[in-house]
Amino acid sequence: MRTPAHTEAPLPPLPTVGEIQSRLAVIFPEEFPDRGILTGIMAARVIFVFLYGGFIQGSGRFMRPSYVYLFTEEQSQQATDQDRKQWASSANRPGSRPSGQRWYADTSREPIRDDLMRNQLLRLGIMEKLPGYATTSSKPINYLSADFAALFDPNLDGEALAATIRAWSVRHLNAATIQRMALKAQGISAKAGDFLVSLPDGTRIRITAGPSSLIAKGLIEEFSTRHLNDPALLWLSSSDAKSMPQLVELAATVGLRFDLNEELPDVILADLRQPIRFLFCEIVATDGAVTDARKQALLAIVRWSGIPQENVEFLTAFEDRSAPAFRKNFSRLALNSMVWFRTEPDLLVTLTTEKIAELKRAS
């Protein structure tokens, strides 16, 4: 009995690097976290090499990062199946180099291998690897998932492409990422004008729309309900204090006094469980974080009110971890303060000087 001959998996259709980059911009919309690295030219070239060599799930062909940073512009123009197969068969030979001008110098290895392939593509299920090998292995162990490769089918466009992208997102994005995308989309699509904010006591107020106001809305509606036991809003700087006397009155009933003519934080929240905790919040769309100097200035309100300092906490609120404002201000944030992101309302970061053993005892 004759054994059937092995049939080599066909190579997928090959779009240009530019076409791949255009489609990546559709797959990863503006609200997608860490979108920049996933839609840039580097990502497009990595996907191109996967497709060029047919390193696709189920093909039996595998690649390593060096295939990308040794690839050349001239090789990318040799796009017949014969050219592609010849390159793939020689790519893993010691000393093998395609002719022409390389896309990348050796100094680009870490951004390609670590920042993009390992920390993004592998994490999202776009790239997969053979089991039993470390992610740092120098062997060709990587391949592109079949359903992601299918997103670059030239025959897919319009609603068919959109539906395929939605199906891929449902299968591969976790709930936290989808939530973060939805919350970022609120900020991207926010229109000029006023919008309503629901306060912890069930009342509603109207504030003017804008990047800072959207973060304030998140602090009041999302942060307070997740991270405080019995939340209350004591101050909101974007509102006209004369139109909201209930905030000043409520603050006074719990012992917090402030001069409306003084520089106040953007938001003051309280947890009314005994002992009452006060949370002074600064909102950063561009600048204005809780720095050490700002923290000391706000403590003047605490001292004037006679509130024990240990009952007061400080928080800086940003739109997202990928926001330029966060990267700009992170090094200036005060120690023993907290950081919160509107697009990840369950996440709370504490910049603490306590030792790990002390933190474990506290938990």
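My entries follow.

I worked on a predicted model, where local features need pLDDT of at least 70, side-chain atom pairs count only at pLDDT 80 or more, and totals for chains, interfaces and linings use all residues. Residues are numbered from 1 along each chain as its sequence is written, and side-chain values use heavy atoms, with hydrogens and water left out.

Helix α9. I took helices (H or I, at least four residues) and strands (E, at least two) as DSSP runs, numbered from the N terminus. I found Leu161, Ile165, Trp168 and Ser169 buried in α9 (buried is under 20% relative accessible area, exposed over 50%, partly exposed in between; 1.4 Å probe, protein chains only). They cover an arc of only 100° around the axis, so they sit on the same side of α9; the arc is taken over directions from the helix axis to the C-beta atoms. The face turned away from that buried side carries the exposed Glu159, Val170 and Arg171.

Backbone. I noted a cis peptide bond from glutamine 274 to proline 275, with omega near -10°. Proline 275 lies in the loop between β6 and β7. Asparagine 336 has a positive phi, near 60°, and is in the loop between α14 and β9. Most residues other than glycine have a negative phi, and most peptide bonds are trans.

Salt bridges. I counted a side-chain nitrogen of Lys or Arg within 4 Å of a carboxyl oxygen of Asp or Glu, and the whole structure gave 14. Arginine 277 meets aspartate 271 at 3.6 Å, N to O. Because its relative accessibility is 2%, aspartate 271 counts as buried.
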